[in-house]
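Dear colleague,

I am passing the structure below on to you, together with notes on what was found in it. Please keep it open beside the text as you read.

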Amino acid sequence: MIQVTDLTKRFGDFAALSHLNCAIPAGCVYGLVGANGAGKSTLLRLLAGIYRPDEGQVLLDGAPVYENPAAKACVAFVPDELFFLPQSSLSRMADAYALLCPRFSRARYSELLSAFHLDEKANLNTFSKGMRRQAATILALATQADYFLLDETFDGLDPILRNLLKKLLYAEVAERGCTAVLTSHSLRELEDTCDQLALLHKGGIVLESEVENLKTTLFKVQIAFDRDYDHTLFSGFDVLNFTKHGSVSNLIVRGDRDKVTQTLRALSPVLLEVLPLSLEEVFLYEMESLGYAFDESIR
Amino acid sequence: MKHNRFFHAGLYVETLRQLRLMGGIYLALCLLFTVVPALLDSLGSATQPQIDEFAPPLFLFVFVAPVTLAFSAFGYLTRRNASDFYHALPMTRLALYVSRGAAVLSYLVGTILLSLLAAALTYLLCGRPFNAAYLPSQFFYFSACALLVLGCALLGVTVTGTLFSAFVVTGIVLYLPRFVCVLACSIISGIAPIFYVNELGPFFNFSLNLPAAATAKLLTFGAIGGLSLPEMMTYGAGALYTAVLGLLYAALAAWLHSLRPAELAGHSAPNRLLQHVYRCALSLPLFLVLGTILSSEDWSLRYSDAVVFWPLFVLGLAVYFVYELITTRKLRSLLPALCVLPAVLLIGLGVPPLAHAYGEHLLRDVPAAEEIAAVNLGVDDGSLSSYPEMRIAALDLSDEDVVSLAAEALDKTVARYTGGEADKIAYEGSYFTIGVRFHLKSGGTITRRLTLTESDIDRLHAALLDSPAFLAAVALPPADTILSVDGPGWNQQDDRAFFEDYRVEYESLTPEEQLDLQIGLPIYATGLDDDLEMPDSGLTFSVSGVEDGRSYYATYAITEKTPQMLLRAMQRINEESGATAGSLPDRETPQFALSEIEALLRGEAVEGFSGEEAAVYDPESESSLLINADFCLYDPGQPRRALSVQMDFSAGDAVRADALELLELLLDCDAKITSLDESVLCLSYFLAEDYSAGYGYSVQTVYFRLTPEQRQHLLALTEPYRTDKTWLP
């Protein structure tokens, strides 16, 4: 389990993360979404033990990760800017990983290599952006880590390879019970991959929830009455957003869908329609309710 | 799983693999440029290579390789993606640093070791003699230099985040402290020439920092830098200081690497303060020079100085601001840089006047004789000196005469400098300069450079001869401290064995006699009127070695005071010159030309083969072998007599006839010296060595045994042509 408490990281005068808290359970695929500069990569580097926290702490299975080789041995980090040794091939990189990472598995590496169909003898400089990301992912997965930290996970991958990677990640989580933390600036990329999603905004997590909960506890209601009314009529509900056009109102409501529907029906509306929200809409309204403007770039 | 917090073997191996191309190229180049010259030299010469001739490429290697290898191994500190990769590895930052640093060091030490061994092996295979005792000295010297440069490079790359700033900081760490010291020392020495700057502490001994001293020597064509290159290579204290400083820098870099934020990669400095420090340090040398110019002219610029001052000032400003622009790439960063400029100007213009004031203070610090407990003659300033000088300098002389004479000389010296006689002292040569360390009764110690008159020297010498401690100090260097002996032996092994036999005879002599055998003693030890005993050519031992981390050299004479060694040396020299024949073939003596006389003497009498083929022509037509010949006569129980023969052949046939008679006489003599119970004649002559190629002359020596008749004949024959000199027994 990853436990992040009151985590702050500053770069000069700029606070990339500010008093951030989160808990990522073991065996979970955790998605971090946020606009550029929100602090996603910084958080991953702190989880990987690359950065030293200015305040707060990061614990992996109860142990601090910074300057702790035992904890770092359980982590595989694939950054947004990939690193390979100069003029090296995938095979050369595998040799290096075998020397540097205690749990690196040659057998697993071979399996992954055949799954991705990469030429391990070719110079990595000749690889396309997507192929380089595949190579980095192969190496990371072959380390048999307990925690995979993947920054901009699907960047440069085509849909087929995205699916392949998702399948491999699910398999790692299901079979070995490992945890994956994925970041993306695109919500749609993570929507169908993660068990939990967190929205990072200006160095803090403004929203964190299980994906299923997000989708089921927030919904849209279209309602109309044959009498005059205003928003006070719905004061008994947890309404995140209210708009009225003529006699028809649109409400974003949080709560148990059946109970809400039943209660609204009791008000004798002439129109009542309860609609599901897309994950994007969920984030939009949740953030608005928290007083943040939803950043279009994360759609 | 056990995780070593200090070292990661896997990363060490991986780093060795990463550096193998660069390290391999360095090794190949070093081996190539070591072995090929050694091979060529060995084919053309049978002489023993000097200590600085073993592996020439290493002199460059120790400057270039540590920086490039360190920047390559620690380049991840300058690139964000590489920084992420290495900092995410399951090891501590200390283990990361140590493992990669160890790999760099392995290449450096390995290349140095293999190059030296390759040179030794080449000499061995070519049959060229070499002094194996030089190898450890060279290894230590090169390793120490490489370690210091590596330490600076590691510090540079650790406290910055770009290769450019890392390179700049490496240079600053390696050279700036030494530059400031040299500048301060030169100002102080200029004001107070009596002062030894080493008094300021070991840090001010320029020779201690071997890479900085070598660089200064190269850039100033030898004007600055202390010791010569061969001297540096056996300067144990310098190598030790250099190695320890390198280790300290490396240790400091390790600590800073552990604290260093990974996000520094790509930034020129960890914070604004250090950015100011680096920029100021880079431009400081120029502003210090400006301060020196100003302070030397009492803050008023003469025209000749102004033409240097203003361009330097502009250059200083350019360096200051251009560094800021290169590292930040922002014009707006020039404003905060401008705010800090007064600080670097203040330091640059303020330090030289402080040194100036300190120099003036030193001229006023003159102790009276009553305040002095003892003195040391000669100053152990860490530089190479002769062995007897080292021994004498270690003596605390408290004799009243010596102390009062030293105090008086100090007083007079200061008076000469403050009285405007500095130029006279420096250029006219009317004074003898010696270093004296004063041990004060108050417990302090000061060292001063004194100027003595001839009368002072005579008085000092007389006082020293009455000092038993001084006479007892004249001992031979212990065998286990000797690196090299050059004497009459065939090779190094021979010479060492000869020297140990010489030691037995030497130690049986009185201190005064031992003093007579030492060549190159300081003037106060020999005295002005002392008729220095100069042995025959080849009859000396030149010894060099290291004692207590200090390099030394010494030269000892082989004379009739050491008769057994003298006899063996004569025999050995005759063997080498081939002078085994004692008689001429039966033939009529023709009317020889000058060159034929030379050829005959050299070829038949001296070297034992026909002179026709071995004729050597003197390039100076008026000179000849006989005219240039020096004879020395050893008579049993008598002092040695030097017979300098000057025969002018242009004076007529009579001289030529005498020359031929002398030649006949020599050719009749026996060159097999079996004892010193009968007269022995030493002939030293010049031998042109491959004159056609422009090589010069060497002095050759041969000994002849003389019967009483031959001796009498020789003296009578040469009487009109010679001047004699006799050394006191």
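Residues are numbered from 1 along each chain as its sequence is written, chains are lettered from A and ligands numbered from 1 in the order in which they are written, and side-chain values use heavy atoms, with hydrogens and water left out.

Confidence

Among the elements of chain A, the lowest mean pLDDT, 78, belongs to helix α10 (residues 279-289), and the highest, 96, to helix α3 (residues 90-100). For chain B the mean pLDDT is 82, and 83% of its residues reach 70 or more. Residues 580-597 of chain B stay under 50, and for them the model has 32 contacts (heavy atoms within 4.5 Å) beyond four places in sequence. Residues 688-695 of chain B are likewise below 50, with 8 contacts in the model beyond near neighbours in sequence. Where pLDDT is low, the predicted coordinates should not be read in detail.

The two chains

Chain A contains 10 helices and 14 strands, both taken as DSSP runs numbered from the N terminus (H or I with at least four residues for helices, E with at least two for strands). Of its 299 residues, 54% count as buried, where buried means under 20% relative accessible area, exposed over 50% and partly exposed in between, with a 1.4 Å probe and protein chains only. Of the contacts in chain A between residues at least 6 apart in sequence, 67% join residues at least 24 apart.

Chain B contains 26 helices and 13 strands, and buried residues make up 52% of its 729 residues. Among its contacts with a separation of 6 or more, 75% come from residues 24 or more positions apart.

Helix contacts

Between the chains, α3(A) packs against helix α1 (residues 9-18) of chain B at an angle of about 150°, with the axes 8 Å apart; axes are lines fitted to C-alpha atoms, for helices over the stretch in contact, and angles run from 0 to 180 degrees between N-to-C directions. The two helices are therefore roughly antiparallel to each other, on a scale where angles under 35 degrees count as roughly parallel, over 145 as roughly antiparallel, 65 to 115 as roughly perpendicular and the rest as oblique. Their crossing is left-handed, that is, the near helix is turned anticlockwise from the far one by less than a right angle, whereas clockwise would be right-handed. On the α3(A) side the contact involves A:Arg92, A:Asp95, A:Ala96, A:Leu99 and A:Leu100, and among their partners in α1(B) are B:Val13, B:Glu14 and B:Arg17. The residues of this contact divide into 5 nonpolar, 2 polar and 4 charged, with Ala, Val, Leu, Ile, Met, Phe, Trp, Tyr, Cys and Pro counted as nonpolar, Asp, Glu, Lys and Arg as charged, and the others, Gly among them, as polar.

Within chain A, helix α4 (residues 106-116) and helix α5 (residues 129-142) pack at about 150°, with their axes 9 Å apart, and are therefore roughly antiparallel. The crossing of α4(A) and α5(A) is right-handed, and the residues in contact include A:Tyr109 and A:Phe116 of α4(A) and A:Ile138 and A:Leu141 of α5(A). By class, this contact has 8 nonpolar, 1 polar and 1 charged residues.

Within chain B, the axes of helix α3 (residues 57-73) and helix α5 (residues 93-126) come within 9 Å and cross at roughly 160°. These helices, too, are therefore roughly antiparallel to each other, and their crossing is right-handed. Among the residues that make the contact are B:Phe61 and B:Leu69 of α3(B) and B:Tyr107 and B:Ile112 of α5(B), and the classes come to 13 nonpolar, 3 polar and 1 charged.

With best regards

Notes. This is a predicted model: local features need pLDDT of at least 70, side-chain atom pairs count only at pLDDT 80 or more; totals for chains, interfaces and linings use all residues. pLDDT is the predictor's confidence in each residue, from 0 to 100.
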